[in-house]
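Visitor: Hi! Could you walk me through this one?
Guide: Happy to. Let's look at it together.

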Amino acid sequence: MQLTRTQTARVHSRRSLTDVQIQVLFIAPTIILLVLWNIFPLFYSLYLSFTEFSVIKPDVPPAWIGLQNYNKLLSDPRIWQYFTLTGRYVVTTVALQAIVGFGLALFLRERFKGSGLITTLILIPIMMSPVVIGLFWKLIYNPAFGIFNYLIGYSVPNSGPDWLGEGSRALWAIIIVDVWMWSPFVMLLCLSGLKAIPDYLYEAAAIDRASPWFQFWRITLPQVAPLLLIAILFRTIEAFKTFDLVMGLTGGGPGDATELIAVHLYRAAFTRFTTGESSALAYIILVIVIAVSNLYVRSLNRIRGENH
Amino acid sequence: MTKKLGLLTLGLAAALAAGCAAPAAPAAPAAPAAPAGQATAAPAGGVTELTIWWAEWDPANYLQELANDYEKARGIKVNVVQEPWGTYYNKVTAEWAAKGTGYDMVVGDSQWLGQAATQGHYLDLTDFMKEKGLDKTVTPATLLYYGTYNGKYWAFPTEGDALGWAYRKDLFEDPAEKEAFKAKYGYDLDVPKDLLQLRDIAEFFTRPEKNLYGIAVYTQKDYDAITMGAQNFIFNFGADWKNDKFEVEGVLNTEDAAKALELYRELYTKFMPPGLSNAFFQEMNDAFISGQVAMITNYFAFFPALVNPQTNPNYYDKVGFFATPPGPGGAQYASLGGQGISVNAYISPERQQAAKDFIEWFASKPVQEKWAALGGYTCNIEVLNSDTFKQATPYNPAFAETMNFVKDFWNIPEFGDLLVVSQRELSKYIVEGQGTAKAALDNIAREHTEILKKAGYLK
């Protein structure tokens, strides 16, 4: 087939692109999207956090007020109360998820008849929407007809506690659901870590007559630790942002017994529309999450260093 | 540029924060003809399609049916776009922030009026409504609360609504129950004449061993439910959110208001089915339909489900309705629900005119009659007072009565700030049982005063 002069010119022009230019062409769309949707809003919201601004007042431009939003937030006892509540929630739920998830992984480590099916069933909660889970558990916790109270020993309807209606129990109710939902995620990562441990380590330990506890403590745990820590890191970041589960179960109530910081941020941003203040709060949360993540990453690097 | 940047910021804040039945309509009459002299005209200004935003519920479906009639009459297609209640306000405010033209008309909550009017999101409809006489077609209370802010009209009252009550007629009219009630309380069992009788009746029918409870009231904290439920009692015990000078201290946190809250908490803790600690309209209807309660409060808009055999197969023919009873001192108000239809200030003048034409058509009596017949709660005086309307459904008489004493929460632009405070403090006292009623009211009064001072309403 003969090429026309124009077609030949196009081919030459394409061939004249260097490898670097082709790379740039491929990467450019992603970079542009990242800048537009991530980088720019990140910096613009940082600017807004130093202003008094409400997004639903389009004719009133942001007014620079320096650190006032941060001062106001950090001196508000209610914010500290919500941060403390969130801290309690994060530590408890992530610790329980690590224990339950790791336990399940140990249980499912050995293949047995039906283990594949059991693994699949255990993973189902991860695949469900948190809002749907919230609505389901609302029914499960109902003191009149929910099954939860029955399972923990209150066989007579209405004789058990109202888990979502009592301030002292509502946070635990959310923790239980979160643990139910996300322990399988921890299990999945731990399981892959457990299966990667070479058998010869256990064989050598057995020859040295090491006890099962010694094998667990000196072989299993150190070998799985990096993956367990990654699972804990992911879950900690997610737990800090818990929102939909709370809204589905309690709406932050009763009172403010389950008003986690992400729920409070939502109210500041989308009910009160204090955009400047909510941007500042978002940055405070971001800094805390980065600081906590950094601690995890350092621990992870230390463990990796020890293992090698 | 600023508002677009602001939108992006909202997206970031959201990303950080959140990793996160309807009854069949009664048979409707045939589609009304267009008002005289307006039959099948060519679309004005080249506008061939209009968009209305409303929450996702039955009245929006009824409005779509009317809109289909409008297309036949005028040749302009009107789409009613529905958004779930939980995200409706966010969707509209995001559009406001962007000065967007995604909608031509919006059926908005009465509480949004101050915000939308003062920030320029709604078109001023004062001259239009006066010139066309639309302001004279609806009841004064609905015009005031659904349409008026700072003396101007910003919306045409569309869906009148308020909190009312449903009760089990089979229980209330049972001779044995009547006899037992009279023996215990010394007066006849009937629709309560005041809120204290409401309490007695709730107590009388509370029989946990039979899984029957006296009452169900709003407790949800997410948006405005517990505030709307409790303010009925606050108003009717003689207190208010504010006086004419926007003063809150001494107006809201009174002894009477404390008694009102104590009564509301007593209803919740003693006479309400367990597990309704975060309950709104759906939970109210569910409790009634399941036969768990003798009385519920709910917005009238949700009552059609109770008389529908499909959705309430056991009690659809055993349900009665009554307006919110007065308090012990005789004050009688009902929390306002409902919405008015407004025009987007950011669309072109041609589209604004087309939207006004639709509102004028919608306000006409034949259309309002069909609106009511479909199940919409008209605010039209003539239709409300007609026997046809009152006899159309079992709840219409109570609705028509209620529309004379509706009262709203704050509707100033700062209502979101004020609402967050009242929701938190009321939920804390009523549901969680923390502190006293007076302390809850004191906290609300103090924080509301701070917000009002910051906004310049108070010195």
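**Two chains and their contact**

Visitor: Let's start with chain A. How many helices and strands does chain A have?
Guide: Chain A has 13 helices and 2 strands. Keep in mind that this is a predicted model.

Visitor: What radius of gyration does chain A have, and what would a compact globule of 308 residues have?
Guide: Chain A has 26 Å, whereas a compact globule of 308 residues would have a radius of gyration near 19 Å. Its C-alpha trace spans about 80 × 60 × 45 Å along the principal axes.

Visitor: And how much of chain A is buried?
Guide: In chain A, 37% of the 308 residues count as buried. Here is another number for chain A: take the contacts between residues at least 6 apart in sequence, and 70% of them join residues at least 24 apart.

Visitor: OK, switching to chain B. What is it built from?
Guide: Chain B has 19 helices and 13 strands. Its radius of gyration is 23 Å, close to the 23 Å that the globule rule gives for 459 residues, so chain B is as compact as a globular protein of that length. The C-alpha trace of chain B spans about 70 × 55 × 45 Å along its principal axes, and 54% of the 459 residues of chain B count as buried.

Visitor: How do S7 and S9 of chain B run, parallel or antiparallel?
Guide: Strand S7 (residues 163-168) and strand S9 (residues 293-299) of chain B run antiparallel, and 5 bridges join them. To find one, look at Ala166(B): its bridge partner in S9(B) is Ile296(B).

Visitor: Last topic: how many residues does each chain bring to the contact?
Guide: Chain A brings 50 residues and chain B brings 44 residues. On the chain A side, helix H2 (19-48), helix H11 (244-249), helix H12 (261-270) and helix H13 (275-307) each supply at least two residues. By class, that side of chain A has 27 nonpolar, 14 polar and 9 charged residues.

How values were computed
Residues are numbered from 1 along each chain as its sequence is written. Chains are lettered from A and ligands numbered from 1 in the order in which they are written. This is a predicted model: local features need pLDDT of at least 70, side-chain atom pairs count only at pLDDT 80 or more; totals for chains, interfaces and linings use all residues. Two residues are in contact if their C-beta atoms, placed from the backbone, lie within 7 Å. Helices (H or I, at least four residues) and strands (E, at least two) are DSSP runs, numbered from the N terminus. Ala, Val, Leu, Ile, Met, Phe, Trp, Tyr, Cys and Pro count as nonpolar, Asp, Glu, Lys and Arg as charged, and the others, Gly among them, as polar. Two strands pair if DSSP finds at least two bridges between them. The radius of gyration is taken over C-alpha atoms; the globule rule is 2.2 Å times the number of residues to the power 0.38. A residue is buried if 20 or more other C-beta atoms lie within 10 Å of its own, exposed if 12 or fewer, and partly exposed in between; C-beta atoms are placed from the backbone.
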